[in-house]
Amino acid sequence: MNEIQSEPREVGTWERHFWFPIPSTAGGGVRHAFAGRRWEGEVAGTSACGSEAALAQPTEVDWICFPTCADCYSFLTGRTT
Ligand SMILES: [Zn+2]
């Protein structure tokens, strides 16, 4: 019965963010986490790791190729180093 209660912060934080691939001007890109349940067409946002980013419809290749931002991941899992 206490499986759900074991990590309430972690679960809640995950649910309130969505991942979004952000192309880098230097080539490539990274997937950052943004507050919200999902992307709703905002043109810009601030990621969980504090980066200002322009949001644009990503391609499937972006989703596949861009690595997950380690800072955003740490924020969402509550593990700060
Ligand atoms: Zn990030």
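Helices (H or I, at least four residues) and strands (E, at least two) are taken as DSSP runs, numbered from the N terminus. By this definition the protein holds three helices and four strands. From the N terminus on, these elements follow the order α-β-β-β-β-α-α. Residues are numbered from 1 along each chain as its sequence is written. The model is predicted: local features need pLDDT of at least 70, side-chain atom pairs count only at pLDDT 80 or more, and totals for chains, interfaces and linings use all residues.

Confidence was examined through pLDDT, the predictor's confidence in each residue, from 0 to 100. The mean pLDDT of the protein is 85. A value of 70 or more is reached by 83% of the residues. Confidence is lowest in helix H1 (residues 8-15), where the mean is 65. It is highest in strand S3 (residues 44-46), at 96. Where pLDDT is low, the predicted coordinates should not be read in detail.

Burial was assigned from C-beta atoms placed from the backbone: a residue is buried if 20 or more other C-beta atoms lie within 10 Å of its own, exposed if 12 or fewer, and partly exposed in between. Of the 81 residues of the protein, 15% count as buried. Contacts were defined by C-beta atoms, placed from the backbone, that lie within 7 Å. Among contacts between residues at least 6 apart in sequence, 42% join residues at least 24 apart.

Strands were taken to pair if DSSP finds at least two bridges between them. Strand S1 (residues 17-23) and S2 run antiparallel and are joined by seven bridges. Phe-20 has His-32 in S2 as its bridge partner. The hairpin of S1 and S2 has five residues between the strands. In this hairpin, Gly-27 takes a positive phi near 105°.

A nonpolar core is a set of buried Ala, Val, Leu, Ile, Met, Phe, Trp, Tyr and Cys residues joined through C-beta atoms within 7 Å. The largest such core has nine residues: Phe-20, Ile-22, Val-30, Ala-33, Phe-34, Phe-66, Cys-69, Cys-72 and Leu-76. At least two core residues come from each of S1, S2 and helix H3 (70-77). S2 gives the largest share, three residues. In soluble globular proteins, nonpolar side chains tend to be buried together.

Leaving out residues up to four places away in sequence, Phe-20 touches Arg-31, His-32, Phe-34, Trp-39, Leu-55 and Pro-58. Ala-33 lies in strand S2. Ala-33 counts as buried because 22 C-beta neighbours fall inside 10 Å. With the same exclusion of residues up to four places away, Ala-33 touches His-17, Trp-19, Ser-47, Ala-48, Cys-69, Cys-72, Phe-75 and Leu-76. Ala-33 and Asp-71 are 38 residues apart along the chain, and their C-alpha atoms are separated by 9.3 Å.

Arg-31 also sits in S2 (residues 29-35). It is partly exposed, because 19 other C-beta atoms lie within 10 Å. Not counting residues up to four places away in sequence, Arg-31 touches Trp-19, Phe-20, Pro-21, Phe-66, Pro-67, Thr-68 and Cys-69. Pro-67 is 36 residues from Arg-31 along the chain, yet their C-alpha atoms are separated by 5.9 Å.

Two further positions are exposed. Thr-46 lies in strand S3. Thr-46 is classed as exposed because 12 other C-beta atoms lie within 10 Å. Thr-46 and Ala-35 are 11 residues apart in sequence and 8.2 Å apart in space, C-alpha to C-alpha. Val-61 belongs to helix H2 (residues 60-65). With 9 other C-beta atoms within 10 Å, Val-61 is exposed. Val-61 and Pro-21 are 40 residues apart along the chain, with 9.8 Å between their C-alpha atoms.

Key: Contact = placed C-beta atoms within 7 Å.
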